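I opened the model to look up a few things and wrote down what I found. The entries follow the order in which I looked.

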Amino acid sequence: MRTPASIAGHPIHPMLVPIAIGCFVFSFVADLVCLVKGAPSPNHWNMLAYYTMLGGIVGALAAAVPGLVDLLSLPPGPVKKIAVTHMLINLAVVGIYAVNAWMRRGNPVDLTVPMVMSMITILMLLVSGWLGGKMVFEHGVGVDTTSPR
């Protein structure tokens, strides 16, 4: 099922998603290093987590535009329900990361709540990614079967 948001037959949404996921995961890794090292303030790992989190938010918003175009092109039914769930989880992830980034501004000393928020959002990303894979691999969303090989 070919999607309208594509370049030369390649869907744009899955091209942009790794930017957000990579930034969010790297932000969490920086959090873990920060936790293990317990470095004094200002903590460079905390700042790295903060900036990669901002990059993830920008990447997620960029991926959301073609994702929404693709979602709107889906016919009503079970695939669209999966896509809406996928979108709602991703919107929640971006919202939580926006609050998380706001809490980290100015390099705060106590990062317990932001780090827990990061862990929760990584788990949410796993569920959302699984749903995205389900749409592609089980239902063929974004797969153009009409093109010659």
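Predicted model: local features only at pLDDT ≥ 70, side-chain atom pairs only at ≥ 80, totals over all residues.

**Entry 1: charged pairs**

I began with K134, which is partly exposed, with a relative accessible area of 21%. Residues are numbered from 1 along each chain as its sequence is written, and side-chain values use heavy atoms, with hydrogens and water left out.

K134 forms a salt bridge with E138, with 2.9 Å between the closest N and O atoms. A salt bridge here is a side-chain nitrogen of Lys or Arg within 4 Å of a carboxyl oxygen of Asp or Glu. E138 is exposed, at a relative accessible area of 53%.

How many salt bridges does this rule give? The count is two. I then looked at D31 and R104, which form a salt bridge with their closest N and O atoms 2.7 Å apart. This pair links distant parts of the chain, 73 residues apart: D31 is in helix α1 (residues 13–37) and R104 in helix α3 (residues 78–104). Helices are DSSP runs of H or I with at least four residues, numbered from the N terminus. I checked the exposure of both partners: D31 counts as buried at 1% relative accessibility, and R104 is buried at 0%.

**Entry 2: aromatic rings**

I counted two aromatic pairs. The rule takes rings of Phe, Tyr and Trp (its six-membered ring) with centres within 6.5 Å; planes under 30 degrees apart count as stacked, over 60 as edge-to-face and the rest as tilted. F24 and Y97 form a stacked pair, at 4.0 Å centre to centre and 5° between the planes. F24 lies in helix α1 and Y97 in helix α3, so the pair ties together parts 73 residues apart in sequence. Both F24 and Y97 are buried.

Y50 counts as buried, at 15% relative accessibility.

**Entry 3: the nonpolar core**

Which residues have the most contacts inside the largest nonpolar core? They are F24, I57, L74, V93, Y97 and I122, in a core of 22 residues. Such a core is a set of buried Ala, Val, Leu, Ile, Met, Phe, Trp, Tyr and Cys residues joined through side-chain atoms within 4.5 Å. Helices α1, α2, α3 and α4 each supply at least two residues of this core. The largest share comes from α3, with eight residues.

In soluble globular proteins, nonpolar side chains tend to be buried together.

**Entry 4: one more residue**

I also looked up V25, which is found in helix α1. V25 is partly exposed, with a relative accessible area of 37%.

Note on methods: Buried < 20%, exposed > 50% of the residue type's maximum accessible area, 1.4 Å probe, protein only.
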